[in-house]
Amino acid sequence: LFFSPDFFASFVSSIFDIPQLIRIYSETFRITAETYSQALQTTESLQDLYYELYNRLNEIRNTYGSFFEQLLRGAIDAILIVAAMNFFIKMSKTPEKISLSAFLEGFADWWRALLAFLWKYLWIHIWMLLFIIPGIVKIFAYSQTEYLLAEYKNLSPTKAVKISNIITRGYKWEIFVMALSFLGWEILCAFSFGIGYIFLLPYRKMTYINAYHAMLKDAVECG
């Protein structure tokens, strides 16, 4: 349900660092233009140009590297989550045994998961700029997007985000409390060297999915 807080911190800081990024690029191109002709004359000046450009590009990488790393990690997580939800949603609808192929079939929707991730977090980031709290609220509002994508194969990513926002109305606090209720189990699993997650993860996923079914049913009944 949640995305790494480091991602939001990186994104927000990146937004305010855009003027700095423009300045770095401008100075890099200026240095290149002014010193290129001089650099051709001696080996020493070529080395100076190389190190100057290297330092500038390294500054850009340090400023924005963590943000794009978090972005890539989030995109991969979104694809895996939709695949997992495809498995668990099928499990929630039948008492029969579900094979691993249900999980693998979920990867066919990788492009929908990726687009939904980009669309969802674009809006979360925009809301995060409004003093953080609205962005946190939207995390819960859009938390059912992956479940909708996994269950309804013809649903577009943007429509899934919109429907998630609708069905979570009046339930955001309950979603937060539900997620918080697993904190104690998380701590116990940490002391078990991760072995406890074998039992906790399926239980937690099915809890979330049952909550999703309940919210969706309530939204349909209420029109």
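Predicted model: local features only at pLDDT ≥ 70, side-chain atom pairs only at ≥ 80, totals over all residues.
Residues are numbered from 1 along each chain, and side-chain values use heavy atoms, without hydrogens and water.

Q: How do you know that the span of helix H5 agrees with its 19 residues?
A: A helix here is a DSSP run of H or I of at least four residues, numbered from the N terminus. The expected span is 1.5 Å times one less than the number of residues, so residues 110–128 should span 27 Å. The end C-alpha atoms of H5 are 26 Å apart, which agrees.

Q: Why is the pair of Phe117 and Tyr121 called tilted?
A: Rings of Phe, Tyr and Trp (its six-membered ring) pair if their centres lie within 6.5 Å; planes under 30 degrees apart are stacked, over 60 edge-to-face, and the rest tilted. The centres of Phe117 and Tyr121 are 5.0 Å apart and their planes stand at 55°, so the pair is tilted.

Q: What makes the pair of Trp119 and Trp123 edge-to-face?
A: The angle between the planes is 80°, with 5.8 Å from centre to centre.

Q: Why is Trp119 called partly exposed?
A: Buried means under 20% relative accessible area, exposed over 50%, and partly exposed in between (1.4 Å probe, protein chains only). Trp119 has 33%, so Trp119 is partly exposed. Trp123, at 33%, also counts as partly exposed, whereas Phe117 and Tyr121 are both buried.

Terms used: Helix = DSSP H or I, 4+ residues; strand = E, 2+ residues; numbered from the N terminus.
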